Amino acid sequence: MATAEAPKLLFADIDEPGLATREVYERRGGYESLRAALAMTPEAVLEQLKASGLRGRGGAGFAMGTKVSFLPKGAMDKYLVCNADESEPGTFKDRELMQKNPHLLIEGLIIASYAAGANRSFIYIRGEYVLQADALDAALVEARNAGYVGEDIHGSGHSLSLVVHRGAGAYICGEETGLLDSLEGKRGNPRLKPPFPANQGLYQGPTLINNVETLSTVPTIIRMGGEEYAKLGVETSTGTKLVSVSGHVQRPGNYEIELGIPSREIIYGLAGGPPEGRQVKCWFPGGSSSPVLKPEDLDVPYDFDSLGKAGSMLGSGAIIVVDDSTAILDVAMKTAKFYRHESCGKCTPCREGTNWTVKMLERIDSGEATPMDLEIMASVQEHIIGNCLCVLGDAMAMPIGSMIAKFKDEFEAHIERARLSRGLSDVAGSDLALAAQGTLDAGPETLLASDPSGDQAPGEHAGDPGTHQGGA
Amino acid sequence: MSPRGWDTPVDLEREPATIPNPDTTPVPAELRAEIEAHMANYPDRRSAALPALAAAQRVHGWCSPEAIEQVACVMRVTPAYLESVASFYDMLETSPVGRHSVYVCTNISCSLRGADELLEAVLKAAEDGIDGEPINVRAFECLGACDIAPMASVDGVYVGPLSISDVPQLLEDIRSGNPVLPELQLARRLVADPHANSREYPEHPIQPAPGGAANLELPTESPDAAIGTMDGERPGPTAAVEDTPDHAGEESA
């Protein structure tokens, strides 16, 4: 049974002064896994990764070893890209790793590139993470000087170039194909898949893309051995996981847990639960893109499959707790506005769906909506899911859909209250004709009216996002 | 303000801009060297678009037509291509802004802890700018620091949790050039996990002042003097511009 006092694999003495330097990192046994890996064949390293059962820590939870094996064999330029864009709301685990232990990521990345046969690598880090990118740059210079990065690494015949690439602020660049376009110097628009990046990714070459935490776990797997690592956690979710807990908890922050512990243990045991006198109203188990769960789900084991069965997902491992002092409409509005702003505009269901969802939520708040709007809003969400090139639209549709389903009563009460305060009739009563009249009166006119907050057109990414957020 | 081309008409008579002529497009030597160093990092030079535009923005304050022209000249791409890139990313400014920026995170975790009120307070306090110069205060999407919510990124330095009473000091620190709210800097914080460290460690050192060496790849001196350097005189690729990191923020005392 997994417990909260997991072995600290990623966070072991993470605050030790100087851990970001090669000197301290090596004194603690750093780069020994790399030496061990280079003494093995790439196939043997890959076997260890597969045996570990490590699933990607970025959100999708795909088996890392399998992903590595998708890269074609043969002599050609192959790319390894580390996704350090970490922009899923609620997620801040990679930030702590890169800032305090950048050599761990670099070591894991070199080992993974050896297993995959990749000779060029990039760390795509979000532009806002100045401190973390500086830490990585400094560590990279040290790693290069020590011969860990460059030609013929320590006589192994394996060569690797590594560049830290800073983004410039766009959520969509965390989506792997959007990231690749951005890394190629374009707008970060996602691509049609297939072809998948393993076949045609960066510069049309075979590309492996892994999250910071995934790659940072690789040195530990080589040190412990894949099978030993797989004993941690539960059968289909092995190992430890960094969890970012935020929102209405007393001790927000990053915690390293063994996968499979009860979610309650994380939210109450580690993070201290909501402030005194308040109760959990709902919680996002894996970033703002995951469907919300309710207090009765608190005992669901925190692992990939259990959360999936509970109707949500582990995602990036970011738990956002909302307590009973907050209206669900506010949570929905924040979520929807974020995705509206971040939609790249390439696919219609996402571009329009996120925009209309915000407008419908605003109608509820201003007393212009009827309970029927909830059904329309729910159906909009259904029409987004699965109909776009990437999952950004789904990432709004899933949580919003879950909020409508799980807090229907509260939405309806809000609609009624807002209508009453606007002087319209009680729609929950029998006066349906008037209710319908209200819909007609308020509907098209409101929908066509230009947005008074001077919002950007959907899909226009430029300018000041403050106009989006400021009015909330 | 609406983005260009939405409410405002475009000049249909204007000839499409081509790749700028190096003979007639002066580029500051240091900016040119930095962009060239970035281009050398990638198999395809266009990959340098983001770091190059960021570098030009540091020199010019925003991605002005002049800044874009200079980057286009060095990268040998059209200004339109770079505008398409600049207009996509939130951190690249496509209209003039103040030199100092305060990004207030207003995403869900921060707003649950009072970010919207904080943003309002910062906007109000910064209304008149600092010493007559405007400050770029804006709401920003999740900055990845929900553990210190509500928080802000002041010229790239993360501070939080902020209360409204911290706002005057925050602006005063920007004005005076001191490190911003040293006690509240993210860089100092220890990890929340109580079992992570086997020993007690001191708090980490604070970050230098915004706009200090750690946040800039270019020297802080004005590069104006270098304007006029022509193509033939560009410094060699050995110029020390390859993302030279400053260790000051990382190494512990």
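1. Let me start with the interface, in what is a predicted model. Chain A and chain B bury about 6,600 Å² between them, and carbon and sulfur atoms give 56% of that area. On the residue side, the contact draws 89 residues from chain A and 69 residues from chain B.

2. Charged contacts also cross this interface. Four salt bridges are counted between chain A and chain B.

3. Next, the aromatic rings. Over all chains, the whole structure holds 11 aromatic pairs. A:Tyr31 and A:Tyr148 make a stacked pair, because their ring centres are 3.9 Å apart and their planes meet at 15 degrees, under the 30 degrees used as the cut-off for stacking. A:Tyr31 sits in the loop between helix H1 (22–27) and helix H2 (32–39) of chain A, while A:Tyr148 sits in the loop between helix H7 (130–145) and strand E3 (161–166) of chain A, so the pair ties together parts 117 residues apart in sequence. Both A:Tyr31 and A:Tyr148 are buried. Do have a look at A:Tyr25 too: ring pairs link A:Tyr25, A:Tyr31 and A:Tyr148 into a cluster.

4. B:Phe88 is buried, as is B:Tyr89.

5. Two charge-over-ring arrangements in chain A are worth a glance. A:Lys294 is placed over the face of A:Phe407, 4.7 Å from the ring centre. A:Arg126 is placed over the face of A:Tyr129, at 5.3 Å from the ring centre.

6. Finally, a strand with two partners. Which residues make up strand E7 of chain A, and how many of them are buried? The strand covers residues 240–247, and eight of its eight residues are buried. E7(A) runs antiparallel to strand E8 (residues 253–258) of chain A, and six bridges join the two. A hairpin of five residues connects E7(A) to E8(A), and within this pairing A:Lys241 has A:Ile257 as its bridge partner. E7(A) also pairs with strand E10 (residues 318–323) of chain A, this time in parallel, through four bridges. There, A:Ser244 stands opposite A:Ala318 of E10(A).

Terms used: Residues numbered from 1 in each chain as written. Chains lettered and ligands numbered in written order. Predicted model: local features only at pLDDT ≥ 70, side-chain atom pairs only at ≥ 80, totals over all residues. Heavy atoms only, no water. Phe/Tyr/Trp six-rings, centres within 6.5 Å; stacked < 30°, edge-to-face > 60°. Buried < 20%, exposed > 50% of the residue type's maximum accessible area, 1.4 Å probe, protein only. Lys NZ or Arg CZ within 6 Å of the ring centre and 35° of its normal. Pairing = 2+ DSSP bridges. Contact = heavy atoms within 4.5 Å. Buried area = accessible area lost by both parts, 1.4 Å probe. Salt bridge = Lys/Arg side-chain N within 4 Å of Asp/Glu carboxyl O.
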